[in-house]
Amino acid sequence: MDVSQMPLNALRAFEASARLGSFTRAGLELRVTQTAISHQVKALEETLGVTLFERLPRGLALTDEGQALLPVLTDAFRRMSATLSQLEEGNFHDILTVGVVATFATGWLLRRLQSFKQQNPSVDLRIKTNNNRAEFLADGLDYFIRFGDGAWHGTDALRLTTAPLSPVCAPALRERLRGPADLVNEQLLRSYRVDEWSIWFRAAGIEPPKLRGWMFDSSLTLVEAAAQGVGVALVPVAMFADEIESGRIVQPFDIAAPAGSYWLTRLKSRTETASMQAFRRWILAEIESA
């Protein structure tokens, strides 16, 4: 099929609808009506001779053909947009958008960004922080630095650093903790990764208690709650060296349990640009020298 004959507006309508999961939201983004989006997608399906969406009572579901087409179009439109942005006002600059789990951003990355800027002055770096669940396509990410086991579908993952977990608490609370078993009687603050405390208790040689109580979606809020005396948080302590050094929180026990690593990830369908390669080389060098 001759690509030059494909209707550009219909391709944009499909890409936005698939990325956002809705004709209505696609219409808002492209500033046309929901009906116009629906008609454009239907026309594209007729041109291609395939069905791209299953129309469901409560939304849209991509067919296999739609899933194959979406990343190709998203990448193409992003490249067009990035190139146009680079040429804005006659100043050529390379845009790089990196998603970063907030704990890693504040605990490691931000203090080192000036080094990246000095080495790569032509790269316009854009940081988006999140709670480890960002969407590459919807958020327009080139890379995503996230925490976990490195096994994410359709993703290339490069390990940056391990992140052992250890309890932290307010100094006043520390005074009543004589040994790891005393934590069983404390308010244990939890993250959405529900097995972390069990992993730590087993590493300490203690049968994990049944956990109840408060749950947080960020280690930053976990540590703040711990600092305010709400309870004991289990966090990657290497990311909170400043808070421990200042005395806001203390690490009552030296026991640390491996529960995951930080990874530099990208979609397998995303071709690395020169700015992405520069960022990858820079962050690996920084990790090695840390």
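**Strand pairing and salt bridges in a predicted model**

Mentor: In this predicted model, strand 8 and strand 10 (residues 232-236) run parallel and are joined by two bridges.

Trainee: What makes strand 8 and strand 10 a pair?

Mentor: Pairing requires at least two bridges between the strands, and two bridges join strand 8 to strand 10, with leucine 189 standing opposite alanine 233 in strand 10. Strand 9 (residues 215-216) also pairs with strand 8 in the parallel sense over two bridges, and there phenylalanine 216 is the bridge partner of serine 191.

Trainee: Why is the contact between arginine 112 and glutamate 286 called a salt bridge?

Mentor: The closest N and O atoms of arginine 112 and glutamate 286 are 3.8 Å apart, and the cut-off is within 4 Å, so the pair qualifies as a salt bridge. Arginine 112 lies in the loop between helix 5 and helix 6 and glutamate 286 in helix 12, so the pair ties together parts that are 174 residues apart in sequence.

Trainee: Why is glutamate 186 called buried?

Mentor: Glutamate 186 has a relative accessible area of 15%, and the limit for buried is under 20%, so the term applies to glutamate 186. Its salt bridge with arginine 176 has closest N and O atoms 2.8 Å apart.

Note on methods. Residues are numbered from 1 along each chain as its sequence is written. This is a predicted model: local features need pLDDT of at least 70, side-chain atom pairs count only at pLDDT 80 or more; totals for chains, interfaces and linings use all residues. Side-chain values use heavy atoms; hydrogens and water are left out. Helices (H or I, at least four residues) and strands (E, at least two) are DSSP runs, numbered from the N terminus. A salt bridge is a side-chain nitrogen of Lys or Arg within 4 Å of a carboxyl oxygen of Asp or Glu. Buried means under 20% relative accessible area, exposed over 50%, partly exposed in between (1.4 Å probe, protein chains only).
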